[in-house]
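Hi,

Here is the structure I promised to hand over. Have a look at it first, and then read on for what turned up in it.

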Amino acid sequence: MRKTKNTTDKTAEESLPKWAEDEIKNVQFDQPETLVRTGYILDMYQEQSKIDIQLYEALQDGRTIIEGLDIPKSIPMNDFMKGVVYEFRIKIFRGNLSTQLIELLKSKFSLQMDAIYRFELEEIQLMDVESDIATAPLPSDGENGAEDED
């Protein structure tokens, strides 16, 4: 039973104070920046109108995976395909955290975080990658030079 109490105490120690939760929930986002990146869809969440994507070119903060990318209702998700290369036009919203919250996250949780990001898909374009590959005909049995080995 002592172990259960320690687990409960540890959970209580790791929770955010109410003021920090409120700041995170009510963060004010700056004007969005729009970026264009190529990549592919990892997962789709039709009910929430969100997707997870892997990017070939990293964002400014180094990330190459975006989880929970918001899909506007004007873009139908029915035609989206996993693992297919797309060009994504993404709106990136950044909400800066207070110095007090940044310090709390760093000292109590060992987390280096100075902002919260929200991502929204503005446009998606299917890339025609396979047509760039030159196709050479495979040699037929008579052309490989191995038929006259005596």
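Arg89 is partly exposed, with a relative accessibility of 31%; buried means under 20% relative accessible area, exposed over 50%, and partly exposed in between, using a 1.4 Å probe and protein chains only. Before going further, please keep in mind that this is a predicted model, in which local features need pLDDT of at least 70 and side-chain atom pairs count only at pLDDT 80 or more, while totals for chains, interfaces and linings use all residues. Residues are numbered from 1 along each chain as its sequence is written, and side-chain values use heavy atoms, leaving out hydrogens and water.

Which side chain does Arg89 meet in a salt bridge? The partner is Glu123, at 3.8 Å from N to O. A salt bridge here is a side-chain nitrogen of Lys or Arg within 4 Å of a carboxyl oxygen of Asp or Glu. Because Glu123 lies in strand S5 and Arg89 in strand S4 (residues 85–96), the pair ties together parts that are 34 residues apart in sequence. Helices (H or I, at least four residues) and strands (E, at least two) are DSSP runs, numbered from the N terminus. Glu123 is partly exposed as well, with a relative accessible area of 40%.

How many salt bridges does the structure hold? There are nine. One of them joins Asp70 and Arg118, whose closest N and O atoms are 3.6 Å apart. This pair links distant parts of the chain, with Asp70 in strand S3 (residues 65–70) and Arg118 in strand S5 (residues 115–126), 48 residues apart. Asp70 counts as buried at 17% relative accessibility, whereas Arg118 is partly exposed at 30%. Both belong to a network of salt bridges that also links Lys50, Lys91 and Glu120.

Another salt bridge connects Arg63 with Asp61, with 2.7 Å between the closest N and O atoms. Arg63 is partly exposed at 28% relative accessible area, and Asp61 is partly exposed at 41%.

Finally, a word on confidence. The protein chain averages a pLDDT of 84, and 77% of the residues score at least 70; pLDDT is the predictor's confidence in each residue, from 0 to 100. Where pLDDT is low, the predicted coordinates should not be read in detail.

Enjoy exploring!
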